[in-house]
Amino acid sequence: MSSMFTRNDPQKPETKPAEAKVPETPAPTTDPVRRAQQAAAQPLTPPSQAAKGVSVISRALKITGQLESSEDIEILGEVEGDVRAATVRVGSGAKVRGTVTGDEVELAGSVEGKIEARKVVLTSTAHMSGDIIHQDVAIQSGAYVCGQLKPEYSKTGTNVQPLKVKAE
Amino acid sequence: MFAQSRRAEVQDQEPPASRLGRTLKVTGTVDMDGELYVQGTVSGRINAIRVILGTESHVEGDVVAQEVRVEGHFSGRIFALHVTVESSANVTGRIFHNTVSVAQGARIDGRMPWRPPSYFETLTQLPETRP
């Protein structure tokens, strides 16, 4: 029996790291997917902060019509129509068909239509088909863009207003 | 297996209640498969399972849901099995309900017709055609 224990004792440290390695290896394999999803979702959904003042159009929500706000809008669902707000964030998986107007527009989902904003950010998961009218644009590699990029420097201060007028 | 279950959990966590903030104005149809919290202005139609019209909400149009709680300004029609009208509410129009509760202090102008539960089942299938 003592020999059994002595045998087991050296074996245990061997088996332990082996066991420990097994869950470690699948964890990183599944992690990148989740991390990528979370990374894509996180800058757009800090839920505790978002829940306070921001309007959230969650995944299960679909809006047909116009959306207007003087504050921020976070879209994770589907919108068919125009969106106008100070900051518009279109999360990954979200779909917007129409014109997105704002001071800042961050896109991780898909927009079919037009973006008019002072600052436009297209993340790697963005899918944009249509024109982008901007003063400041950032496009991460991986983003799909089909359309024209037009810089609009006409007025620097309150810029959403003049763009609105042009759109209508 | 683990990865799938974890993903499912993540997905369960992700769709929280939607919220239409104070400054938000929606014109058109709002379709929600879950709970919707409205603080802003909506003119049009709201379809959801559970709707809370907050104290500062101004809603005009139809609301179709299983459960509706009204705390704000509403004019139009509500079609819901369970309706709660809070004391801060100001409702104009019709409330089609199966069960309703109205808090003291609420202002209601209109009719509150009772309907059997079957009425609401058919309503969810054909929300557009019903009066």
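Student: Which residue stands opposite A:Glu74 in E5(A)?

Tutor: Keep in mind that this is a predicted model. To read a pairing, find the two strands, check their sense, then look for residues that face each other across them. Here E3(A) pairs with strand E5 (residues 83-90) of chain A in the parallel sense, over 4 bridges. In that pairing, A:Glu74 stands opposite A:Arg89.

Student: Which strand pairs with E3(A) over 3 bridges?

Tutor: That's strand E1 (residues 55-57) of chain A, again in the parallel sense. One facing pair to look for is A:Ser55 and A:Ile73.

Student: And the faces of strand E3 of chain A: covered or open?

Tutor: For faces, take the residues on each side and check their burial. In E3 (residues 72-75), A:Asp72 and A:Glu74 on one side are buried, and so are A:Ile73 and A:Ile75 on the other, leaving both faces covered.

Student: Let's move to chain B. How many helices and strands are there in it?

Tutor: Chain B has 2 helices and 9 strands. Of its 131 residues, 36% count as buried.

Student: Why does B:Gly54 count as buried?

Tutor: Burial here is a neighbour count, and the cut-off is 20 or more other C-beta atoms within 10 Å. B:Gly54 has 20, so it counts as buried. You'll find B:Gly54 in the loop between strands E5 (50-53) and E6 (58-70) of chain B. Beyond its neighbours within four places in sequence, its contacts include B:Tyr37 and B:Gly72.

Key: Residues numbered from 1 in each chain as written. Chains lettered and ligands numbered in written order. Predicted model: local features only at pLDDT ≥ 70, side-chain atom pairs only at ≥ 80, totals over all residues. Buried ≥ 20, exposed ≤ 12 C-beta atoms within 10 Å, placed from the backbone. Pairing = 2+ DSSP bridges. Contact = placed C-beta atoms within 7 Å.
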